[in-house]
Amino acid sequence: MAGAFELLKLCFLVSGFLFRSSVTAANEGGSGVGVFPATCASIECPSYDVVDNGKGFEIRRYNSSMWISTQPIDDFSLVDAGNIAFFQLFDYIQGKNDQHEKIEMTAPVIIEVKPSDGPFCASSFIVSFYIPKENQATAPSSESLWVQKWGVTYVAVRQFSGFVKDDDVAEEAAALYASIAGTVWSEAIDKSHEGGGSTTEYIVAQYNSPFEFRNRVNEIWLTFNLEGGNFLI
């Protein structure tokens, strides 16, 4: 019974990748910044400081943190990649790891996106679960997953509502990038992302259950290097 309940809780976050909806961000209040995800009032989320607020974006400084991540998943769909990742992450937090240790649910579930080189090529996705602070010093290892360590990390953020869909995420990422253009942050972001290669282009963060249709909060993240810290990209 307890296992079924935990499966349902994780489903609230991860299986949001599996749902497509005709509900758009415009119908649910538009895009931008400044909405506190209600999920973070009930379960643990990574802590951060707001460094700057701009028109359509926010700059955050995340404290050092750890994530448990899938191996890169090559697929044509972010939604389908989330489907593949679901049971890997669920099994891990339920104790199917090398230390047989159960872990509490957290938010958000994030998916790193490295877009394909063309319309007929698969993109690469890495899906990650934030490890609670109490588990980070001794985070359980796993044969199929890997622990991703973030130092202090700077992130440009754009929020949007509705259900995440494949057709929307690239547009939201482009809107975030456009809102930052010409600001003091654009040079640092461009420098961090130059060269392509294995670099994550953007991250999609999801906070809500797929069964919630109101007050949904999703985010696009552009991580970047500043002040010589250790960063995700």
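Colleague: Before we start, what do buried, exposed and partly exposed mean here?

Modeller: Buried means under 20% relative accessible area, exposed means over 50%, and partly exposed is in between, with a 1.4 Å probe and protein chains only. This is a predicted model: local features need pLDDT of at least 70, side-chain atom pairs count only at pLDDT 80 or more, and totals for chains, interfaces and linings use all residues. Residues are numbered from 1 along each chain as its sequence is written, and side-chain values use heavy atoms, with hydrogens and water left out.

Colleague: Is Cys40 buried or exposed?

Modeller: Buried, because its relative accessibility is 19%.

Colleague: How many disulfides turn up in the whole structure?

Modeller: One, taking a disulfide as a pair of cysteine sulfur atoms within 2.5 Å. It joins Cys40 to Cys45, S to S 2.0 Å.

Colleague: Why is that disulfide left-handed?

Modeller: The torsion about the S-S bond of Cys40 and Cys45 is about -90 degrees, so it is left-handed.

Colleague: And Cys45, buried or exposed?

Modeller: Buried, at 15% relative accessible area. Cys121 is partly exposed, at 39%.

Colleague: New topic. Where does Ser69 lie?

Modeller: In strand S4, residues 65-69. Strands (E, at least two residues) are DSSP runs, numbered from the N terminus. Ser69 is buried, at 0% relative accessibility.

Colleague: What does Ser69 touch?

Modeller: Leaving out residues up to four places away in sequence, Ser69 touches Ile126, Val127, Ser128, Leu145, Trp146 and Gln148. Contact means heavy atoms within 4.5 Å.

Note on methods. Helix = DSSP H or I, 4+ residues; strand = E, 2+ residues; numbered from the N terminus.
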